[in-house]
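Here's a quick look at how this fold packs together. Have the viewer open as you read.

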Amino acid sequence: MRNKLPITIKAWAKEVNWALDEAEYMLNDTKNQKPEDGLLGMYRMAPAIAGIVRSVPKSCRNEVCEHSIGLCHYLFQEIPDYKLKYRRCFVHAYLDSMIFLKYLNREKSERVIDYLESKNAIEAR
C-alpha cells in the first residue's frame with residue numbers, strides 16, 4: 001500500500017493524522033481486541049501502521065517496531081507524564097519509524113510535530 005511520500009510539512013501532518021485516526025478507529029472497533037492500557041498503548045500501533053503505509057517488508061517491521069517503541073520507552077523514563085499524552089506519543093512513534101526508514105529527518109519530524117501541536121491535533125508539550 002505504498003502511498004506517495006509526503007514532501008511538505010502539511011502533507012506529513014495529513015498522513016500522520018490519517019494514521020492516528022486509523023489507530024483510534026482500530027482501538028474503538030469492538031471486533032478488535034484492545035491492548036490492556038487502551039489509548040495509552042496506542043503508540044505501539046504506530047510503527048506497524050507506518051510499515052504498512054510505506055510497504056515495508058514484514059521481515060523488517062520488527063526492527064522498525066523495536067526502534068520506535070524503544071524511543072518511546074526512553075521518553076517515558078525521562079518524562080513519566082509523557083505517556084499520558086497518547087496522541088503525541090503515537091505521532092512520535094510514527095515519525096520515529098519514518099526516520100528509521102530514512103523517509104524523514106529529525107528536523108522535519110520536529111517541524112511536523114510543532115505544526116500538529118499548533119493545530120491542536122496533538123497535546124502540547
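## Confidence and ground rules

pLDDT is the predictor's confidence in each residue, on a scale from 0 to 100. The chain averages a pLDDT of 87, and 92% of the residues score at least 70. Helices here are DSSP runs (H or I, at least four residues), numbered from the N terminus.

This is a predicted model, so local features need pLDDT of at least 70 and side-chain atom pairs count only at pLDDT 80 or more, while totals for chains, interfaces and linings use all residues. Residues are numbered from 1 along each chain as its sequence is written, and side-chain values use heavy atoms, with hydrogens and water left out.

## Helix H3, inside and out

Val64, Cys65, Ser68, Ile69, Cys72 and Phe76 of H3 are buried (under 20% relative accessible area with a 1.4 Å probe, protein chains only; exposed is over 50%). They sit on the same side of H3, because they cover an arc of only 110° around the axis (taken from the directions from the helix axis to the C-beta atoms).

The face turned away from that buried side carries exposed Ser59, Asn62, Glu66 and Gln77. As for partners, the buried residues of H3 pack against H2 (46-53) and H4 (86-100), with contact meaning heavy atoms within 4.5 Å.

## The core

A nonpolar core is a set of buried Ala, Val, Leu, Ile, Met, Phe, Trp, Tyr and Cys residues joined through side-chain atoms within 4.5 Å. The largest one has 34 residues, and Ile49, Phe90, Tyr94, Leu95, Val112 and Leu116 have the most contacts inside it. H1 (9-28), H2, H3, H4 and H5 (106-118) each give two or more residues to this core.
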